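This report describes a model with the sequence and structure shown below.

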Amino acid sequence: MAPILDIKNLYKSYGTVEILKDINVAIEPGDFLVLVGPSGCGKSTLLNCIAGLEPITSGSIAIGGKDMTHVSPKDRDIAMVFQSYALYPTMSVAKNITFGMKVRGVDQETQDRKLKEVAHQLQITDYLNRRPGQLSGGQRQRVAMGRALVRDPKLFLFDEPLSNLDAKLRVEMRAEIKKLHHNLGATMVYVTHDQIEAMTLATKIVVLKGGIVQQIGSPSEIYNRPANLFVADFMGSPAMNLIPAKTKRNGTGMLIEIERAGGEIITLHDHHTESLPENVIIGVRPEDIAEAGFRAGEDVQEAECLVDMVEHAGADTYVVSHLGGRNVTARLHAETSAHPGEALKLAFDLSKVSYFAPDTGERLN
Amino acid sequence: MTDTALHTNSRSPGVIVLRWGLFLILGLFALFYLMPLFVMLTTSLKSLEEIRTGSLVALPREVTFEAWRTAWSGACTGIQCEGLRPYFWNSVILAIPAVAISTILGAMNGYVIAQWKFKGANFVFSLLLFGCFIPFQVVLLPMARMLGLLGIAGTIPGLIFVHVIYGLGFTTLFFRNYYVTIPAELVKAAKVDGAGFFRIFWSIFLPLSLPIIVVTIIWQFTQIWNDFLFGVSFSQAGTQPVTVALNNIVNSTTGVKEYNVDMAAAIIAALPTLLVYVVAGKYFIRGLTAGSVKG
């Protein structure tokens, strides 16, 4: 099946400043693509380029198999939900939702029918006659979604739609968008700076930094096999532990040596790799460090560490130690016996570690 | 109990004296500023005989509307004695289209400059702003030549043209500053919805613009109605606006100076702008601050 959105060699610059460099992304029908990255990485600009609201400098964009590079937004068969919702302030909710159909000359009967469907689907039937100013943030959010849904487009575009909501509502709406995606089988492109949103919603994630694609992949690929130090650090909360280490070849793998403040060097033995440079940065997710005795397996190795800080987060307890000159966070179970200032035996699960080159930041294994 | 005690305490005799002192001063200022209007009104209601013999600030002994009638339809401007009436209507048919056209064009200009940024938009805007600060005297001669070339010298359309041109700087400024506060995402959303340039203006921006339209109308109407310089420079016998006619009435009396007629004429000439302020004044204040308070 032809990709529903196909971006090839897209460049975008304002004057001499390059905002986006050589972007290549393709998604299949039904995909949920999330563009994620820190602010200023160009993710919103990319979305605006897809929508046709920003002209691109070079490259091409095809939607539904047709080249749309120079087509105006209204003819791209897209609908967009904006961060500020961008509801028309002088129109009622119903008029907001039907405005697009009215502009396109859809007959009144169809307008009414579609309005009814969408209002029912989003549970906004009760306030169709109100103005956007009389609605709460969550209600406005629903209306903005309704305006997009009613158009039944090939492609839905979301520009940080949840960032203006409070934490609880954000989680609710996130679930609702996921459900919507599932029920409609629609194709969606979603911009966010929140990596949890990216992980929970996406079928495919594009991580951007400085206008350059860092990695494209499924959430689990991005999470478990980050392509470079930036992705490793950006995705996941608490962030992946990135610890400078030295390696030595050993008969059945490699020895990873990590310096420890006020103690002897920790040596871990990785059996899966034999070709690491002398200096590496080892990346371990906090959940891959457990309290000794709670994790078993042939790749689990234990080492004594000094606990600097203990943070109780309800379901988990985060224990911070100091290794290789970095703070290292371990996600332990809630009833851990760890105490600040005391030594604790931690188990490192080496089955899922990442290695990065310290100079280029690229992944090594 | 404590609440009341505190409350009375805060209104100590000193505070009360200060408060009343303030009212007194404000009242005196108000009276001072109302004085000329009072003199104008009372004088216009007196007969010439009474003006000559009575005091300037005295109330009329006998109220007569004779002076108002004369000012409206009988006073002489030069050799014609038709009163202000024909000139008043000149001003009306001059001001209404001039205000309407300059407001509409200003709204369009402001919409483009604020929301459809093109290359050099800011330069064009600063040029328009520059137009606000050119003294009118400077442009009299070139404008006279221009009107001559266009063949509308000495006509009311010619005057409308002049007022539209010189109003555009201000009206554009008003609308641009108002529209700049409207989030750009609104235009984007409408574009994705399929609306074009005029549709977005008509369906989304105009309905939002009532406060700034009122501000612009008041501003432009006051400017155009009260204008004397362009009126006297670019009109001829039949096309003079009311301000020019008022000047002619006051200056062309022979023999006895008819103060009562002059005063009545002056009030008639000022009435429409007063009316606009009274009717739309609250929108004026609201409109001037609307952009800044809106979240």
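## Contact between the chains

In this predicted model, the side chains of B:Asp193 and A:Arg151 form a salt bridge, with N and O 3.5 Å apart. B:Asp193 belongs to helix α9 (residues 184–193) of chain B and A:Arg151 to the loop between α4 (137–149) and β7 of chain A, so this pair joins two chains. Buried here means under 20% relative accessible area. B:Asp193, at 4%, is therefore buried, and A:Arg151, at 14%, is buried as well. One salt bridge is counted between chain A and chain B. Polar contacts across the interface of chain A and chain B come to eight residue pairs, both residues being at pLDDT 80 or more.

On the side of chain A that touches chain B, β6 (78–81) and α2 (93–103) of chain A each provide at least two residues. The largest share, four residues, is from α2(A). By residue type, that side of chain A has 14 nonpolar, five polar and six charged residues. In total, 25 residues of chain A and 15 residues of chain B take part in the contact. The two chains bury about 1700 Å² between them, and 63% of this is on carbon and sulfur atoms.

## Salt bridges

Over all chains the count is 17 salt bridges.

| Pair | N to O distance |
|---|---|
| B:Asp193 and A:Arg151 | 3.5 Å |
| A:Glu160 and A:Lys43 | 3.8 Å |
| A:Asp288 and A:Arg295 | 4.0 Å |

A network of salt bridges links A:Glu287, A:Asp316 and A:Arg331.

## Helix α1 of chain A

Helix α1 (residues 43–51) of chain A, which holds A:Lys43, is mostly covered, with eight of its nine residues buried. Among the buried residues are A:Leu46, A:Leu47, A:Cys49 and A:Ile50. Just after α1(A) comes A:Gly52, which has a positive phi of about 90°.

## Nonpolar cores

The largest nonpolar core contains 61 residues, and A:Leu5, A:Leu155, A:Val189 and B:Tyr179 have the most contacts inside it. Setting aside residues up to four places away in sequence, the residues that A:Leu5 touches include A:Ile50, A:Leu155 and A:Val189. A second, separate core has 45 residues, including A:Val81, A:Tyr85, A:Leu122 and A:Leu128.

## A cysteine in chain B

Where does B:Cys76 lie in chain B? B:Cys76 is in the loop between α4 (66–73) and α5 (85–115) of that chain. Its relative accessibility is 30%, so B:Cys76 counts as partly exposed. Apart from neighbours within four places in sequence, B:Cys76 is in contact with B:Cys81, B:Asn248, B:Ile249 and B:Ser252. B:Tyr33 is 43 residues from B:Cys76 along the chain, and their C-alpha atoms are separated by 30 Å.

Conventions: Residues are numbered from 1 along each chain as its sequence is written. Chains are lettered from A and ligands numbered from 1 in the order in which they are written. This is a predicted model: local features need pLDDT of at least 70, side-chain atom pairs count only at pLDDT 80 or more; totals for chains, interfaces and linings use all residues. Side-chain values use heavy atoms; hydrogens and water are left out. Contact means heavy atoms within 4.5 Å. Buried area is the accessible area (1.4 Å probe) that two parts lose on being put together, summed over both. A polar contact is a pair of N or O atoms within 3.5 Å; within protein, one must be able to donate a hydrogen and the other to accept it, and residues adjacent in sequence count only if both atoms are side-chain atoms. Ala, Val, Leu, Ile, Met, Phe, Trp, Tyr, Cys and Pro count as nonpolar, Asp, Glu, Lys and Arg as charged, and the others, Gly among them, as polar. A nonpolar core is a set of buried Ala, Val, Leu, Ile, Met, Phe, Trp, Tyr and Cys residues joined through side-chain atoms within 4.5 Å. Buried means under 20% relative accessible area, exposed over 50%, partly exposed in between (1.4 Å probe, protein chains only).
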